[in-house]
Amino acid sequence: MSFQGRYRGNPKPINTRYIGRVPSPDDPTRPAGPGASGGPRRPAGPGASGDSGGSARSAGDWSTRHSVLATARRTAALVNALAGDRPDPAGVAAVLRAHGEAEPLDLTGDDVTAMRAAADLLREVFAAEHADAAAVVLNRLLREHTGPLRLTSHGGTTPWHPHLDHDDNAPWDEWLLASSCMALTVLLWDDQLPPGGSCASPGCRNVFITRGSGPERRYCSRRCATRERVAAHRRSRAARSADGSR
Ligand SMILES: [Zn+2]
């Protein structure tokens, strides 16, 4: 299978930087419910099930990899990987690989520095607590950082899908910002809710994608949720015993 694009200024053909396989659910604290169904994120068409035949198109990444939800989850994973003062190019490449990017992933330090600036801009979307606020941020990013909407199939190697970067060879940071704005915009459109959130655990900077109308999600992971639940329990027990000792 070849999902190849071409990196700007790099003679080597590489990944399209659009694709991303459907990850395992990244929200263990909230079961997927009926609210997660419907909308344009559902893979459609032949090969969507990933096991309906032997062709490359049915290998599970022809359609599902290109879903809006897969792209949004990849955005959250990249924003998290790009946190910190000096994100490691190898670590960022590993996240891209885990989300279906093809080799070679020849990220340079400069690429990662630029991607980090894009990730910081995207964090503002995740920080928005209401759909209106998220829309204001997304509108600003769309106005200032993305090009016009266009369709590409990367020369017939992928399904037709929309892009907001200026062309298929856009640099990594432009690609990250444009593909993320696209996915987050469609999620907001579909749910009329902020497309994501930031972990409520103090000291954790992770962001996550929220879907549908379930209970509000507060933590990036089961680990953070458990840690905070235990801490709250200890606090209330300490308060009770302080009361009792008076
Ligand atoms: Zn967390």
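Analyst: We will go from the overall layout to helix packing, the core and a few loop residues. This is a predicted model, in which local features need pLDDT of at least 70 and side-chain atom pairs count only at pLDDT 80 or more, while totals for chains, interfaces and linings use all residues. Residues are numbered from 1 along each chain as its sequence is written.

User: Which elements does the protein chain have, and in what order do they run?

Analyst: Helices (H or I, at least four residues) and strands (E, at least two) are DSSP runs, numbered from the N terminus. Here there are six helices and six strands, in the order β-β-α-α-α-α-β-β-α-β-β-α from the N terminus.

User: How do I read helix packing, say for α3 and α5?

Analyst: Axes are lines fitted to C-alpha atoms, for helices over the stretch in contact, and angles between N-to-C directions run from 0 to 180 degrees. Under 35 degrees counts as roughly parallel, over 145 as roughly antiparallel, 65 to 115 as roughly perpendicular, and the rest as oblique. The axes of α3 and α5 are 8 Å apart at an angle of about 20°, which means that α3 is roughly parallel to α5.

User: What kinds of residues make up the contact of α3 with α5?

Analyst: They divide into eleven nonpolar, one polar and two charged. Ala, Val, Leu, Ile, Met, Phe, Trp, Tyr, Cys and Pro count as nonpolar, Asp, Glu, Lys and Arg as charged, and the others, Gly among them, as polar. Two residues are in contact if their C-beta atoms, placed from the backbone, lie within 7 Å. Among those meeting here are D111 and M115 in α3 and W172 and D173 in α5.

User: At what angle do α1 and α5 pack?

Analyst: Helix α1 (residues 68-81) and helix α5 (residues 172-191) pack at about 125°, with axes 9 Å apart, so the two are oblique to each other. Their contact includes A72 and L78 of α1 and A183 and L184 of α5. That contact has eight nonpolar, four polar and no charged residues.

User: Which residues touch the most other members of the largest nonpolar core?

Analyst: A nonpolar core is a set of buried Ala, Val, Leu, Ile, Met, Phe, Trp, Tyr and Cys residues joined through C-beta atoms within 7 Å. A residue is buried if 20 or more other C-beta atoms lie within 10 Å of its own, exposed if 12 or fewer, and partly exposed in between. The largest core holds 44 residues, and A72, L78, M115, V125, L138, C181 and L184 touch the most other members. α5 gives the most to this core, with eleven residues. Leaving out residues up to four places away in sequence, A72 touches A183, L184, L187, P195 and I209.

User: Are H154 and Q192 buried or exposed?

Analyst: H154, in the loop between β3 (150-152) and β4 (161-163), is buried because 21 other C-beta atoms lie within 10 Å. Q192, in the loop between α5 and β5 (196-198), is exposed because it has 11 within that distance.

User: Where does A128 lie?

Analyst: A128 lies in the loop between α3 and α4 and counts as buried, with 21 C-beta neighbours inside 10 Å. The C-alpha atoms of A128 and L193 are separated by 10.0 Å, although the two are 65 residues apart along the chain.
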